[in-house]
Amino acid sequence: MLSSVAALCALVGSCATVRGPAVPAAPVSASAAAVPPEPARAAFRAVSYSALPGWTTDTPSAALPSFAASCTALLARPDSPEVWRSACAAASAVAAHDDAGARAFFEAQFTPYQVTAADGADAGRVTGYYEPLLKGSRVRNDRYRYPLYAPPDDLLTVDLGEIVPELKSERVRGRLEGKRVVPYWSRAEISAGRVKLAGRELVWVDDPVEAFFVHVQGSARIQLADRTTLRIGYADQNGHPYRSIGRALVERGELTLEQASMQGIKAWARQHPDKLPSLLDENPSYVFFREIERAPEHAIDGPIGALGVPLAAGRTIAVDTRFLPLGAPVFLATTYPLSNAPLQRLVLAQDTGGAIRGALRADFFWGTGDDAGRNAGRMNQTGSMWLLWPKGSLPADVAQRGVRQLPAAP
């Protein structure tokens, strides 16, 4: 898990989602190994369901398959099964497409908590992401010349929590230089051949810009010449921070803010192929991928998110796991891209992103293909969130940093 003046903020404002690993926090740069600052505190305030705008008009049964997928992952974790066991068991008794039954289930099993930032704000920014659909080949030829790679052998991941307990869930990427761990190569250095990647190619595509946006989105479906489909997903990242190429084009005076959409950037790239390599190198982040086989037990045919389960279009968001726990239901109240039309629905927090930072920050998953890409690229809305947490425990029980409990609203 792009931008424009009314949306597409990630291309211009460096808020695009780069899909994270299946761990409780996004990786930090190997070049920023100092102690990360503590996040600003967030607060949860218990409210009634009547406080959720659009709760009675949503179709919550559409979120049940995603909730079931969350249960699969959550019940397998030693730190959370007791919190989730009752709700996960009760969900199996709700009939498919029964919105009244699904609504009654969530109301019986969960308490809604409004998420509030440290400054008292109850609304934040909601962007969008999607799964690109490309054409490609498993072998290089004259048309398919741009590779997407599996992780190189020399890429190291250092779990700082194993060294300093206070840095639990913080990771850095690097490589060995003699006996020292140093930052891994940047995109420019990788493109210049500083890394031995021969034999690590998963697939070749026909457009360097489309390949770049797969790095931004973190996953893709690729149609091969034999009519089979290959799905790739995030495997690792070089540890460098994401920098927006849209912002770089605006700063260079190549595009205006209004033109710096995903479509505008692609059009610029096709008009200036000689300038494209240096533009892409403006973003030092580089993502590596793995091939993903669809698990037959999953009813959802989507890319795999940070929780390790497939993502459902329109029912999944990426969140900052310092504040919102992966797997939990969240009620999201925002608007459709470039519109004031309400987008109010129950979603599942099942993914993370390198630029999704803050208690009120969310990235909405639109699905696969061009239509999903257009919606994702235009989305830069204001939104509020309510965490649905199992009754009998408190959100603070998840021991997330920066979280505190407030009294219930009167």
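Predicted model: local features only at pLDDT ≥ 70, side-chain atom pairs only at ≥ 80, totals over all residues.
Residues are numbered from 1 along each chain as its sequence is written, and side-chain values use heavy atoms, leaving out hydrogens and water.

**View 1. The whole chain.** Ten helices and 18 strands make up the count here (DSSP runs: H or I of at least four residues for helices, E of at least two for strands). Of the 410 residues, 57% are buried (under 20% relative accessible area, 1.4 Å probe, protein chains only).

**View 2. Helix 2 against helix 3.** The axes of helix 2 (residues 64-74) and helix 3 (residues 81-91) come within 10 Å and cross at roughly 145 degrees (lines fitted to C-alpha atoms over the stretch in contact, angles from 0 to 180 degrees between N-to-C directions). On the helix 2 side sit Phe-67, Cys-71 and Leu-74, meeting Pro-81, Trp-84, Ala-87, Cys-88 and Ala-91 of helix 3 (contact: heavy atoms within 4.5 Å).

**View 3. The largest nonpolar core.** This core has 69 residues (buried Ala, Val, Leu, Ile, Met, Phe, Trp, Tyr and Cys joined through side-chain atoms within 4.5 Å). Phe-67, Phe-106, Phe-110, Ile-317, Phe-364 and Leu-388 touch the most other members. A second, separate core of 16 residues includes Leu-202 and Phe-289.

Note on methods. Buried < 20%, exposed > 50% of the residue type's maximum accessible area, 1.4 Å probe, protein only.
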